[in-house]
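Trainee: Could we walk through this one together? I'd like to learn how to read its packing.

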Amino acid sequence: MQAVKLSINGYMYDTMIEKNWTLLYVLRERLDLTGTKCGCGTNDCGACRVIVDGEAKNSCCLLARNMEGHTITTIEGVKAADGGLHPIQKAFVEAGAVQCGFCTPGMIMSAKALLDKNPNPTEDDARSAIEPNLCRCTGYQKIVEAILLAAEWMKEGK
């Protein structure tokens, strides 16, 4: 076991890990941040997406020991300034982009990474941002609509 310090959602976590543990495992099993889902464990589905230093990444293939010194945001860290739902989360509900919900945290993390960098995305930008994420329920159109709706709301300060 080795000690690591991880900056997650604005908090510093000190925990003991094995050298082969993934960030996904540490989030879910050591830190009880279970919003990040384990879909495939092979970097293929995006259910485990988190934001690391502004980039959406699959946490199932990131070694936790390599995450010291990086800023990590999980779905638990996505919220409005007042602590309520973030405009992206509200837009997912409004647009009907949530079906079974399993892919939703990863989709929201991909959307947030996009909107943090590009507040005026095109439909193609939104589709590219969620390309690494798999959804078996929605057909992606409602998810794309939710991302574009969130962009509008964020510009309007909603």
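Trainee: Which elements do the buried residues of α1 pack against?

Mentor: A note before I answer: this is a predicted model, where local features need pLDDT of at least 70 and side-chain atom pairs count only at pLDDT 80 or more, while totals for chains, interfaces and linings use all residues. Residues are numbered from 1 along each chain as its sequence is written, and side-chain values use heavy atoms, with hydrogens and water left out. Leu-23, Leu-24, Val-26 and Leu-27 of α1 are buried (under 20% relative accessible area; exposed is over 50%, partly exposed in between; 1.4 Å probe, protein chains only). With contact meaning heavy atoms within 4.5 Å and elements being DSSP runs numbered from the N terminus (helices H or I, at least four residues; strands E, at least two), the buried residues of α1 pack against β1, β2, β3 and β5 (71-73).

Trainee: Is Asn-9 buried or exposed?

Mentor: Asn-9 is another residue to look at, placed in the loop between β1 (2-8) and β2 (11-17). Asn-9 is not a glycine either, yet has a positive phi of about 55°. Because its relative accessible area is 18%, Asn-9 counts as buried.

Trainee: What kind of aromatic pair do Trp-21 and Tyr-25 form?

Mentor: A search of the whole structure finds 1 aromatic pair, that is, rings of Phe, Tyr and Trp (its six-membered ring) with centres within 6.5 Å. Trp-21 is buried at 16% relative accessible area, while Tyr-25 is partly exposed at 37%. Planes under 30 degrees apart count as stacked, over 60 as edge-to-face and the rest as tilted. Trp-21 and Tyr-25 lie 4.8 Å centre to centre with 50° between the planes, so the pair is tilted.

Trainee: How far apart are the axes of α3 and α5?

Mentor: In α3, Met-107, Ala-111, Leu-114 and Leu-115 meet Ile-143, Ile-147, Ala-150, Ala-151 and Met-154 in α5. Axes are lines fitted to C-alpha atoms, for helices over the stretch in contact, with angles from 0 to 180 degrees between N-to-C directions. The angle is about 40°, and the axes are 11 Å apart.

Trainee: And at what angle do the axes of α2 and α5 cross?

Mentor: On the α2 side the contact includes Ile-88 and Phe-92, and on the α5 side Ile-147 and Trp-153. Ile-88 also contacts Ile-108, Ala-111, Lys-112 and Leu-115, among others. The axes come within 8 Å.

Notes
Lists of a residue's contacts leave out its neighbours within four places in sequence.
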